[in-house]
Amino acid sequence: MAKDNLKQTIIENAAELFSTNGYAATSLKQIAAASGCKAPSLYYFFEGGKIELFHEVINQLFTDVFSGIDRIEADSLEDFLRKFTNYYGSIVPDGQIDLW
């Protein structure tokens with residue numbers, strides 16, 4: 001697996017585990033196992049460890065959310081909120097994030 005692909009795989013698996021288990025209950029070992037690598041390998045991409053990885057997960061989530069907002073065309077606030085809710089639900093598992 002290419003380095004960029006592995007990094008993205010790690011971020012995606014971390015997002016899923018953080019969302020499911022919460023930040024405190026998710027270990028680097030769990031993230032590494034889900035990503036097909038060993039825990040020390042995560043430090044290659046995220047020297048700051050779990051907190052740096054968490055920041056990257058949040059950064060990508062907000063980037064996805066805000067890029068979607070820019071593309072929503074709506075006739076009214078109600079129309080915008082309906083479309084945004086549909087979009088948000090499509091990028092966040094179960095439409096909910098429970099990180100803590």
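**Exercise 1. Contact range.** Find the share of contacts with a separation of 6 or more in the protein chain that comes from residues 24 or more positions apart.

*Solution.* Take contact as heavy atoms within 4.5 Å. Keep the contacts in the protein chain with a separation of 6 or more. Residues 24 or more positions apart account for 53% of them.

The model is predicted: local features need pLDDT of at least 70, side-chain atom pairs count only at pLDDT 80 or more, and totals for chains, interfaces and linings use all residues. Residues are numbered from 1 along each chain as its sequence is written, and side-chain values use heavy atoms, without hydrogens or water.

**Exercise 2. Helix H4.** Check the span of H4, then locate its buried residues.

*Solution.* Helices are DSSP runs of H or I, at least four residues, numbered from the N terminus. The expected span is 1.5 Å times one less than the number of residues. For the 22 residues of H4 (residues 50-71) that gives 32 Å, and the end C-alpha atoms are 32 Å apart, so the two agree.

Next, burial: buried means under 20% relative accessible area, exposed over 50%, partly exposed in between (1.4 Å probe, protein chains only). Lys50, Leu53, Phe54, Val57, Leu61, Val65 and Gly68 are the buried residues of H4. They cover an arc of only 110° around the axis, which puts them on the same side of H4. The arc is that of the directions from the helix axis to the C-beta atoms. On the other side of H4, His55, Asp70 and Arg71 are exposed.

**Exercise 3. Asp79.** Is Asp79 buried or exposed?

*Solution.* Asp79 sits in helix H5 (residues 77-91). Its relative accessibility is 11%, so Asp79 counts as buried. Leaving aside neighbours within four places in sequence, Asp79 is in contact with Glu73 and Ala74.

Notes: Helices (H or I, at least four residues) and strands (E, at least two) are DSSP runs, numbered from the N terminus.
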